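Try each task before you read its solution.

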Amino acid sequence: MQSSATTNTAIAAGYQEAATEHHGHPDYRMFGLVMFLIAESMIFMGLFAAFVIYKVTIPDFTKELELLIPTVNSIILVSSSFVMHKGQSAIKNDDVKGLQLWFGITALMGAIFLGGQVFEYAHMEFGLTEHMFGSCFYVLTGFHGLHVTAGLLFTLAVLWRSREANHYSSSNHFGVEAAELYWHFVDVVWLVLFVLVYLL
Amino acid sequence: MSDATIHHAGDRKWTDYFTFCTDHKVIGIQYLVTSFFFYFVGGVMAEMVRTELATPDPDFVSPEVYNQLFTMHGTIMIFLWIVPAGAAFANYLIPLMIGADDMAFPRLNAVAFWMQPVGGILLISSFFVGAPQSGWTSYPPLSLISGKWGEELWILCLLILGTASILGAINFVTTIFKMRIPDMDIHSMPLFCWAMLATSALILLSTPVLAAALILLSFDLMAGTAFFNPTGGGDPIVYQHLFWFYSHPAVYIMVLPFFGVISEVLPVHSRKPIFGYRAIAYSGLAISFLGLIVWAHHMFTSGTPGWLRMFFMATTMLVAVPTGIKIFSWCATLWGGKLQLNSALLFAIGFLSSFLIGGLTGVMLAAAPFDIHVHDTYFVVGHFHYVLFGGSVFALFSGVYHWYPKMTGKMYDETWGKIHFVMTFIGFNLTFLPMHYLGMQGMNRRVALYDPQYQSVNQICTIGSYILAVSTLPFLVSMALGFIKGEAAGRNPWRALTLEWQTTSPPQIENFEEMPVLWAGPYDYGIDSESEDGDEDVEDMLTEVANVA
């Protein structure tokens, strides 16, 4: 956010434009996306709160988890956020090839993360209904995994659309920014989840 | 999606109201009519409940059907009547009040609306598989053993409507922050917009937590986990915490928009500036904030530890402070005004008196020692109907009368409107006031059978509810007469100052011919204003504007 004075002028300018041309509205989509993510984070807060209550109140709640794959997964997911940011920097210089390269790598890293999670599920000692920890584990990681899947589809959609020349440019790339912000969100949620479920 | 282009100029066709239309005014009307339809459905269920309770024995419907009826009545009235009715006013009014041509995200807006009928049909279809019987709160373990598929449909319905509500809130906040005309700063914005800001903040922060609770409940129901099932080592109290973290704020989500409506109606029809503009604006935000930290007062009998009870008792009682600020400000607005006792103002005054009772019984219930005595009795039923019917629905009718001329371009029938008010006021008080007495005597809610000693008082409630049901007829007559032969309203029949009255009635597509001009504050009634041609009284200027066709 800039200073409020600049924002006000921006609004004023935007309105004038909008009054003459319908599709010339200033872009409020990022503002809306941020609010959507606030709401999304509250779902995770609710699930995490339930997890913490169970952890504190149920005796012998916590079960040991194999840490190797999830740690590698965490490193992949966190670094993919930086990789993705390279893509956004590329499009700011009108470099569509760069965008495609970095977003392609991000999508690959996201797919590896999901593959790792599937592998982890397949080799888990407990199922969904055996004990409370297991139920929490699958619901939390599964719900997060759904978000990774959504973020992956989002990234692939950007890649698909970038085939068309001039679809994204330095002045018009909301889709790129939105996919990136969503990916960062999924990433941060994973870090909280990793600490809560695996480490504590 | 190809035909979902963002509104284009031209005339509004009646068929637009049945399509995926992105005009905020069409969406507002769609919300309003849909929610009135569900009000009718939920109302029929309420009358069946009351008919059953006319006698102590389950003779009208079986206890199972009775459980389904009150569960569906509660769910429909909350999620398909009052919440979307608030969204109806917000969609219709916010862009007009701030001088914008539409909402910030018109297509998202239409998506949010069309989720309402989907959710409603899912919910009602649960009657075919055995409707849920565990009340609108769906407490486990009861909700886990009383019919799997009905319960699951109920969960799906709420997830869909909750998502719609969040999408709506995103739209409201963005529109209010980003699309005001340049010379309207946040402190010259109509109070209805402030109310919707407070409401939207609550929706964004609390509705997702209900989704979390419902997802876990769904796993317990369908996948055999035991998050909330004590027989599997789960904890039903966790559900109660998550549920009430949404469902207490939900009360404010249902009443704050209508506080906004009252703040608009009172100054116009008493020809006085609103008393305490900033106090009303900020007390709404205070209610939002406090609303997030009071949820466990619904759980005083759930084995909550003493310190927790003390905390939630104190925060709950604190809510009375910002609410009191509003009530006193509204009374002060009326005080000494030139009251025009039309249907809109009558319903607003009806709101003040009945909501006051609902608020005061709320403070009583906040006191843990008293609450433990009357928990799950008819006292609680009486209390929340005074808040949600006496508060929200009275203000809703006030708003419908107030903006009917703007929405249709014609005046409603005043006589039938007044008959509507008198019947509603009598029917409402006859139905719900005796419930406080019943609750204090120990009559439990949500049971089809009761001790015969309560029969006479219950019959008063039932008669009152019939009057309340019949009272919707004069409302429909007033609306229909207005539509068929009402006189033309003109732009500004109430000589009001907020921007929606500066445009045609009904407003043209894209709302204003040119960007509207703020020549007075939203509530500067009866104040000398300084215009270019010297000091002209606002009232005179309003008369001039009103005469423009």
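**Exercise 1.** Find which residues of H2(A) and H6(B) meet.

*Solution.* Take contact as heavy atoms within 4.5 Å. From H2(A), Met35(A), Ile38(A), Ala39(A), Met42(A), Ile43(A), Gly46(A), Leu47(A) and Ala50(A) take part. Their partners in H6(B) are Leu204(B), Leu205(B), Pro208(B), Val209(B), Ala211(B), Ala212(B) and Leu216(B). Now sort by class: 14 are nonpolar, one is polar and none is charged. (Ala, Val, Leu, Ile, Met, Phe, Trp, Tyr, Cys and Pro count as nonpolar; Asp, Glu, Lys and Arg as charged; the others, Gly among them, as polar.)

The model is predicted: local features need pLDDT of at least 70, side-chain atom pairs count only at pLDDT 80 or more, and totals for chains, interfaces and linings use all residues. Residues are numbered from 1 along each chain as its sequence is written, chains are lettered from A and ligands numbered from 1 in the order in which they are written, and side-chain values use heavy atoms, with hydrogens and water left out.

**Exercise 2.** Describe how H2(A) and H6(B) pack.

**Exercise 3.** Is Asn511(B) buried or exposed?

*Solution.* Locate Asn511(B) in the loop between H16 and S1 of chain B. Its relative accessible area is 0%, so Asn511(B) is buried (buried is under 20%, exposed over 50%, partly exposed in between; 1.4 Å probe, protein chains only).

Notes:
Axes fitted to C-alpha atoms, helices over the stretch in contact; angles between N-to-C directions. Helix = DSSP H or I, 4+ residues; strand = E, 2+ residues; numbered from the N terminus.
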